[in-house]
Each structure stands twice: as structure tokens, then as C-alpha cells.
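Biologist: I have the sequence and the structure open. Please show me how to read them, feature by feature.

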Amino acid sequence: MRTGALAARRAMETYGEVPLVRLADLPEDALVVPLSGIGAPTVGHEMIYGEDEPRRVVEEVERIFGRPPTAIMSSEIGGSNGVAPVAWAAQLGLPLLDADGMGRAFPEVQMISMHVAGLPADLVIMSDIVGNVVTIRPIDGLWSERLARAVCVAAGSHALMADYILTAAQARGAVIEGTVTRALEVGRSTEGAAEPLAALQRELGAARLITGKLTDVERRTTGGFVRGTATIEGTGDDRGRTLRLELQNENLVAIEDGEVRAMVPDLITVVDTETAGAIQTESLRYGQRVAVLAWPCDPLWRTPKGLETAGPRAFGYDLEYVPVEESVKEESRG
Amino acid sequence: MAEGDLRVGIDVGGTNTDAVVLDASDRVIAKAKRPTTPDVTAGLRAALDAVLTELAQPGASGGGAYGMEGGVVWGRITRVMLGTTHATNAILERRNLGRVAVLRLGAPATTAVPPLVGWPADLREVVSAGEAIVPGGHYVDGREIGLLDPDAIRRFLDGVRADAVAVTGVFSPAGDEHERAVEELVRREYGLPVSMSHEIGSLGLLERENATVLNAALYTVAGHVTQALTSALAERGLSARPYLAQNDGTLMTVEHAARLPVSTIGSGPANSLRGAALLSGVQDAIVADVGGTSTDLGVLVGGFPRESAAAVEIGGVLTNFRMPDILAIALGGGSVVRDGAVGPDSVGYRIAEEALVFGGGTATLTDAAVAGGRLPRGVSGWRERLEAVLAERLEAVPAERGSAGQGSAERGPGGRRGVGDMSEDIRDTLQRALAVADALALDAVDRMSLGRADRPLVAVGGGAFLLPERIPGVSRVIRPEHAAVANAVGAAIALASGRVDTIMPAGESRSKAIERVKEEAVARAVAAGADPAGVQIVDLLEVPLSYLSEPAVRVHVKAAGPLTR
């Protein structure tokens, strides 16, 4: 996360600020390149990106499509893949599209809005740190994942990847718009706020599921994912209540007294009660004073295909999806 | 008593420099406290002189028992261990720092974030002689990213004026050949000292590089510390061997410290924890070091400090040092008490004049504790004094109203005014303040205990008596003798250690590879001054990694042992 922020700041100092463009302002045939890092986080903190990977990916895009891209886009606004595209756009001298493919973060590659919209995963372009460029023409999403993973490993478990390259016309309804602006607004809402948590909750329009203390975190790494549970016991007005979170890299389901209070694809975030800073699942620790916020996902995720891709059943929970507005309605705490 | 059985521990703290003498059975036989001086060295000498004088004085806790002349008893001191803030101060004040040529091995990787990005501009100005990213470094699986290019390194070094070189190779904790080759080249051709990142930090390139650059900038300061310590010993006719304390609660020889001065940063909290372990005889505990302004809580695991998982900032620079996991809360003997609240402001070192119990005009946590019947070990009459002060005030200004907390603003000559309230009200305020302080301490203990309630709490520091007799979440509260100098005691008993942090295959070759890493950690402990016969592996941590071709684990191993006789 910090490495991404440092890279973004440095790139803007060197190459200038990054213009943010809206999808509505792009011509129909404008080419948009979604970019994301792929690989092991531990490797990313040690073998940091070079400055040439985005240029090499874009040169290959130009060779294949016969025209230069108009803008780049973050595949995933949550986490380091939300910040790093600012550096990539600056290095390329291209604008950043005010949109992403999730409107949040998801742990699996097919959990992306372009897939929900039915766009094919038939082209993947990757560049590694030494200058190799690999173009893959997979027959479906499964092969896309399998082959990209193999290239990533050969490249030292760290590479830059473009997939679901699309025109502005294709992007309408297939990407989640306004998410970069939204991320900036959320960040600014807590900056210098007298009560950061209240300011954040207001900004997000989020329900506060509980305010309390983290009393138990259980984690295990399986299949490349960190899975587990976190238990929060209420304090203050919430004394006597207990909330359990189910985790797989992200917070998937919030349960209280056997009742589901919120679930994917709606957003569930654990924040520090003092600073309102988000605490990622790998940083959850006993004793932290936290609030759990939940708010609605983008409507795209609530379509049948959206729920099939990233709803509770996609994560192995035999639950009927209930929007967070309904599940917390009767006792929404402000 | 055999010859050569005494050790001196010195700890330079923010307020005081403490010194102790320990005998062969780790008993404190002399102790002294002197104010820390701005230059650090004068305070160090004063504390050393004071403890040596006490040691030689008949009737004092040390020399008296030994009944011999100063020269004779001093001759029995074999080691002097110093925990000092020289390096921290140099970085915070940007003083005496060397100019460093910053070399990173990894191009074309890592160029998106060049060295020293994110440093405070003034520190970077003082420290950096220039930065370069040249070919070299390794992949996570051990392959070379690129071959070393000696000419590129020479071109860079020919163009800078530096006092030292810092070299950081990508994945050097797992493969240090490139860094070693650069070190050889620089020493041979440029005669400059070189900090190698694999000796200094763990995985996480930027944080490790930052620590390596700071280390290279501290060579001059390391020289000063070594010089100050060795000359102080020589002037006093001591032939004792000097050691320096480091951030994990273990020691280095001065030769080792001269190469790794950055490791001395953060030794204070580590020494305090280790000292608490010895003085209390407990190996697993929560430790609260209660001072005048704040209380530092840490956790002892097997006699060593539990380390923090979070990155550590030094002078505005992020590093990946493994420091003790410390929770500091604004609660100390000088914390100002006002209606319904304690602190966070404190009268600090002025407590001896300002607290009610000492005849001052400010109600402090010390007053609240004394009113509640909590007293430091061995003192008497405090409670009576406080009662007298309260009674006097009641008579002196019966009509004036105002809360105790306004005392410092209203305080007149001699502190006779200010607490112009009825003493019943003050008593009530003090009583409530003590309850608030206890709740703060309880909350902090709970945060550090991670839910385990079976361990004791060891209270050290000058304010140890402020804590209550019973704290939910701990089995009991221990207030050991000599608690006020626990940090100096910790320095005196510290072990020497070595650590390795690397990535290795998780498959069949794992057990062999782990053995090799253990051997390396032991070798590093011996290099730091440990007795090869007494070194043990004290910490072994494996973290599985995802998204790699072969299953792999990140391994952290630490070895420690007593110093060579």
C-alpha cells in the first residue's frame, strides 16, 4: 500500500499530475486499458516495479489494436491496485478513467464487472521487470487465470497485467463509474475531521454494525488465500453484543446471534475507532478498538450474474443474498 | 569472591542516565541516577562516576559489603554495558551524520521508487551524497535479476563525495553475494566503509534500504560513542570490556557496534523489559515502565521482549527494524489531575516541586496515589505530609473556590494558594482521578495481554507504586526491588545475539535449509560476542508464502547466548 503511494507521488513529481476523465467524456471508440499488478505481496514489497512495464504493455496494445489507448483504468479500486494506477498513468502520460472493475476489492480474478457484463477474457498482456512482454489469447477465464499465473511465476512472482481491454462503448455498463473520485472523497472526509469515524460513516452512508473490541482472530492460509474469522465484542452502547466476521482476504459475511447482518457483495469494512483508518484482514489483531461499517455495493453486483460471480454462494456460503439496507434496517445505528 | 565478577550496566534515558553494578549472581550492589545531558556523554560519565563511588563507599549497598578500597573493587569489573541514545539523537537533530553514497542493486526493477523517496528533505540533504540503481540483485527464487556491473558502480562512486556507502540488493536477505562483492570492490578501490543491507534489515526493500543508509550515516557517531565509553573506562583505570545494547535487548561488542550503529536505536525499552525479567524472576509477563509523564507497556516472552509487527519510524524515516512491541500511554507520576480526568499533561521532572505531597500547588497522579494509600517502597510520611498540606489549604483559603486542576495556573509563591477548595472536594477529586488512572492502565494491559490473563504484571520505573495492587487481566502485580533502575540492570545482563530473515523452499529440502539458517544465526551471535558453547536458538518463525512456483516459507531465526568469558 505504502509502496504504491510512494510510486504514485514520485511519478506525479516526475511526469506531472494525472488527469481524471469520465467515461461520458470519451469517444465511443476510445481504447481503455485496465491495469493491475499480479503476484505475491511479499515479493512486491521487495522487488518493486520498474518504470517501463506500463509503456511496454501499452506498446503491445497499440500493436494489436492499431491505435494508442486513450486512458488507463484501475482493475480494482480497493488496496494497492487502486493507488498504483496513478503512477502508471503518470509514467504513460495518459489520463486515468474515473472507474474500476469492482467498486471495492475482491480476492478472485473473475470477480470483475467486465466479466459480469459478459465481456470475453480473450486477451491478456503482461510485462515483467526485465522487459519481457507476454500476450496470451486464452479460450476462457479459467485458462486466462491459469496461463497468467504461470507467466507470473516465471517472471519472479511479480508482473504488470492488462486484461479486458475495452472501448468506451463497451465500458458503458461494464465498469463501475466514479470510483476514483469516490475514493478521494472518502479519504478527504476523515482528513482533519474532529470525529473521523462519524465523518467516514456519513460520507459512505454506511451502517455501523458494531463498535467494540476485537477479541479473537483466527486465520489460515489455504489455496493462496487467507481465510478465517474475526470476533468483535461490543463496548459502550453495544456492550453485550458480539459480531463475527467471515474472511477470505476481504470481509465476506457479518453474523450476529446467528443472523446475517451483512454479506458480499455489499461492503463490510473494519475501521479503527480513533482514526477511522481501514484495517485490512491481515492486520486484524486482538485488542484493536474497531467499528464495523457496511454499505451497499454497486447495483451491478446485485444482478443475477453479479451475485453468481461474487455473491455469498460464490464464496461457498449457502445464503440467500439480502441487501444490507434490509438486513440492518430495523436497528441501523447511526 | 572471585576476581572479575562485577558488571556495570548504564542506560541513557530521555530524562535520566542510570548506572548499576551487578555481582556474579546478578544482584544489584550499587546504583546511581544522574540527569541525561544534551551531549549524552557528560551524563554518562557522571552516572558512571556516581555508581563507582557508591561501589567503593563503605556502608553503601555495594562497597560496604565488600569492605575494600575503590581501586581494588573497580578492578573486579570485567564488563561495561551501555544502552545509549547517541544514534537516535544524531538522527533526530541531524548532527554528526556522515554523507552516504546510496547504491541499490536491482535495475531495471525497483526504479518506480528510487532510494530515499519519502525521507524528510532536510535529513536527505544532510545524509545523501547521491543515489543510483544499478544492475544486480536476485529474484525471490534465487536467480539473478541481472549481473553486477562493476563499471556502473565505479562511474557512480567516481561522481560523488561520500564518507560511506550503503548497498541494498533486491532479495539480499535470501542471497547476499552481490552485496558482498560490492563491499569488496568499494573497500579495495575507494577505501570507504560499506553498510550491507542483508546485515541490517529483513525483507521489504525500502524499509531495509532506509535502515542501511541510516547505518552508514552513523559511522562517525559510532566512533564517538566507542571513544566516549572506552576513554571513560581508561580514565578511571578500568580494564573492563565495553559493550553496547541493541534494540532487541541483546549486546554487541564495540567492534560490532562500529559496523552496525543503527542497531543501538531503541535499546532503552528492550533493556527495561529484560531488567524487569531479572529483577522479578519472571520470564513471561506484562511489563509496565511507569515514568513521570508516560507509562510504556511491553510483553516478556521467555525473558525477551515481544517484538512489534508494525514498521518503525526513526526521525521520519520508515524502517523494518524489529523493535519491542511497546504501548505508551500518557500516564505517569507527574500527570496532572483535574476534575474527572488525569493528564495527558504532566509536570514532568518538576514533580519534586509541583506535586501537592512535595508542597507544590498542582494535584498530580502521585498525590492521588498517596491519598489512596499507595506509596513507593521504603518511603514513609508521605501520606501524613499530604494530609497536612490539604488541611493547611483548607484553613488558608476557605472562601476561594476552584478545581484542583486550576492549581498550576493559580499557584502563588510557595504554592500556598491554588487548591482553594475544600479538602473534602480535593480528596474526592484525587480519589476519582485514581479510578480513572486505574481504568486507563487496565485498558492498556488488556490491549497488550492478547486475552491471556494468566501472566503477572511487573511494574518498574520510578512510578511503579502508582499502579493498583490488583489489575483484572493479570495474575498478580509484582513490584521488584531496584525497579527504578530496571533499564540499566537490563543492559548489564543482556546476551549477545544473531538473527537471519530469509525465504526458503517449503518442500522436502525445508528441514535441511532451516538447519543452515539456524547455523547462520548462531554464527552471527558468536560474531556479536556470544560464547559459542552457550548460544541457543531463541526464536524461530515460519510464514508460508502464496503465489510462488514452489511452496515457500519466510523464516526468521534468532540465536542468543551469554557473552564469552
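This is a predicted model: local features need pLDDT of at least 70, side-chain atom pairs count only at pLDDT 80 or more; totals for chains, interfaces and linings use all residues.

Modeller: Residues are numbered from 1 along each chain as its sequence is written, while chains are lettered from A and ligands numbered from 1 in the order in which they are written.

Biologist: How many helices and strands has chain B?

Modeller: Helices (H or I, at least four residues) and strands (E, at least two) are DSSP runs, numbered from the N terminus. Chain B has 18 helices and 23 strands. Of its 565 residues, 54% are buried. Buried means that 20 or more other C-beta atoms, placed from the backbone, lie within 10 Å of the residue's own.

Biologist: Into which domains are the chains divided?

Modeller: The bounds come from an automatic or database domain assignment. Chain B has domain 1 (6-90 + 223-265), domain 2 (98-217), domain 3 (282-485) and domain 4 (494-561). The C-alpha centres of domain 1 and domain 2 of chain B are 35 Å apart. Chain A has domain 1 (2-177) and domain 2 (195-331). Their C-alpha centres are separated by 28 Å.

Biologist: How many residues of domain 1 of chain A are in contact with domain 2 of chain A?

Modeller: Contact means C-beta atoms, placed from the backbone, within 7 Å. In chain A, 11 residues of domain 1 are in contact with 13 residues of domain 2. On the domain 1 side, helix α5 (residues 113-116) of chain A gives the most, three residues.

Biologist: Now the sheets. In what order do the four strands of the open sheet in chain B stand?

Modeller: Strands of a sheet pair through backbone hydrogen bonds, either parallel or antiparallel. Here, two strands pair if DSSP finds at least two bridges between them. The order is β6-β5-β7-β8 (chain B), with parallel pairing. β6 (128-135) and β8 (194-196) of chain B are at the edges with a single partner strand each, so one side of each has no neighbour in the sheet. Three bridges join β7 (residues 164-169) of chain B to β8(B). Ala166(B) is opposite Ser195(B) there.

Biologist: Which strands does α7 of chain B lie across?

Modeller: Angles run from 0 to 180 degrees between N-to-C directions, with axes fitted to C-alpha atoms, for helices over the stretch in contact. Helix α7 (residues 177-190) of chain B lies across β5 (100-107), β7 and β8 of chain B, at about 175° to β8(B). α8(B) also touches β5, β7 and β8 of chain B, and makes about 165° with β7(B).

Biologist: How do β9 and β10 of chain B run?

Modeller: Strand β9 (residues 241-245) and strand β10 (residues 250-253) of chain B run antiparallel, joined by three bridges. Leu244(B) stands opposite Met252(B). Four residues lie between the strands of this hairpin, where Gly249(B) takes a positive phi near 85°. β10(B) also pairs with strand β21 (residues 495-505) of chain B, in the parallel sense over two bridges.

Biologist: What do the buried residues of α4(B) pack against?

Modeller: They pack against α8, α9 (219-235) and β14 (312-314) of chain B. Among the buried residues of α4 (residues 86-93) of chain B are His86(B) and Ile91(B). Just after α4(B), Arg94(B) takes a positive phi of about 50°.

Biologist: How many residues does each chain give to the contact?

Modeller: Chain B gives 29 residues and chain A gives 28 residues. In chain B, α8 (205-217), α16 (423-449) and β22 (536-545) each give two or more.

Notes
Two residues are in contact if their C-beta atoms, placed from the backbone, lie within 7 Å. A residue is buried if 20 or more other C-beta atoms lie within 10 Å of its own, exposed if 12 or fewer, and partly exposed in between; C-beta atoms are placed from the backbone.
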